[in-house]
Amino acid sequence: MFNRSQHQTPASPATRSAPLGTSSAVRSISQMAMFAALVAVLGQLPAIPLAGGVPITLQTLGVMLAGAVLGPWRGAGAIALLHLLVVAGLPLLSQGSGGLGAFAGPSAGFALGWIPGAFVVGLITQSSWPLRLWRTITGTLLGGILVVYACGLPVMAFQLGLSLEQALLLNLAFLPGDAIKTAIAVTLTHSLARAYPAPFTHARERRRPASR
């Protein structure tokens, strides 16, 4: 009689961990795709045109949320995925713009700055678990505003033939909206962290060990 138990071998650690690793990768890709879609949808809402050709949109709110919720690597990955789709021709940026031409205008530096911006937001916000309000505010301000402006202002100044000071003055009109978006991003991030902490893996992996 064939004894199955004699021929069954225990699965190796690598075999057991493979499905978990695959599941984690699929989950991460799904989350990045979801936040890329969120930023794209926010870009389709009516924008407020300003001097210099850089409109006020809600897309930076999506960038802040991507970094704060997904952490630095997956948050930046979500924005990079969005840009890849835009380069492929999909009209996912503000006012339905897409293709390589979308990165040739005065707002190109701001859009490209979303990638390092989301990374910095996630790096600071999710540096430990549970989240701290002051870190989320700091990360969102530095990554979602300062880094994005640091990338966007030089490109805008070059495209329009302005000095950096003139480009900065033109962008002062964005600051009230940026402050509102920061408040919304911080509120939504902490509400989600309390209700559904699963996406905050970067921070949860840095949970402080219990004191002895």
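A contact is taken here as heavy atoms within 4.5 Å. The structure is a predicted model, in which local features need pLDDT of at least 70 and side-chain atom pairs count only at pLDDT 80 or more, while totals for chains, interfaces and linings use all residues. Residues are numbered from 1 along each chain as its sequence is written, and side-chain values use heavy atoms, with hydrogens and water left out.

The confidence of the predictor in each residue is expressed as pLDDT, on a scale from 0 to 100. The average pLDDT of the protein is 86, and 83% of the residues score at least 70. Over residues 1–11, pLDDT stays under 50, and the model has two contacts beyond four places in sequence for this segment.

The protein contains nine helices and zero strands, giving the pattern α-α-α-α-α-α-α-α-α along the sequence. Helices (H or I, at least four residues) and strands (E, at least two) are DSSP runs, numbered from the N terminus. Among contacts with a separation of 6 or more, 70% are between residues 24 or more positions apart. Of the 212 residues, 42% are buried, where buried denotes under 20% relative accessible area, exposed over 50%, and partly exposed the range in between (1.4 Å probe, protein chains only).

The unreviewed UniProt entry lists residues 32–52, 72–93, 100–124 and 136–158 under "transmembrane region". UniProt positions are given in the numbering used here, feature names are shortened, and annotations may be inferred rather than shown by experiment. In the model, residues 136–158 are 100% helix and 0% strand, with the end C-alpha atoms 32 Å apart. For residues 72–93, the corresponding values are 73% helix and 0% strand, and the end C-alpha atoms are 22 Å apart.

Three aromatic pairs were counted. Rings of Phe, Tyr and Trp (its six-membered ring) are paired if their centres lie within 6.5 Å, and planes under 30 degrees apart count as stacked, over 60 as edge-to-face and the rest as tilted. The pair of W73 and F119 is edge-to-face, because the ring centres are 4.8 Å apart and the planes stand at 75 degrees. W73 is located in helix α4 (residues 72–87) and F119 in helix α5 (residues 108–125), so this pair ties together parts that are 46 residues apart in sequence. W73 is exposed, at 63% relative accessible area, whereas F119 is partly exposed, at 23%. A further edge-to-face pair is formed by F110 and Y149, with 5.9 Å from centre to centre and 85 degrees between the planes. Here F110 of helix α5 and Y149 of helix α6 (residues 133–160) are 39 residues apart, and the pair links distant parts of the chain. Both partners are buried: F110 has a relative accessibility of 9%, and Y149 has a relative accessible area of 11%.

The loop between α5 and α6 holds P130. The peptide bond from W129 to P130 is cis, with omega near 0 degrees. Most peptide bonds are trans.

H202 is placed in helix α9 (residues 201–204) and is buried, at 13% relative accessibility. Apart from its neighbours within four places in sequence, H202 has contacts with G71, P72 and Q126.

Two salt bridges were counted, each defined by a side-chain nitrogen of Lys or Arg within 4 Å of a carboxyl oxygen of Asp or Glu. One of them joins the side chains of D178 and K181, at 3.6 Å from N to O. Both residues lie in helix α8 (residues 175–195), three residues apart, or about one turn of the helix. D178 is buried, at 4% relative accessibility, and K181 is likewise buried, at 7%. The side chains of R206 and E205 also meet in a salt bridge, at 3.9 Å from N to O. In this case R206 is partly exposed, with a relative accessible area of 37%, and E205 is exposed, at 64% relative accessibility.
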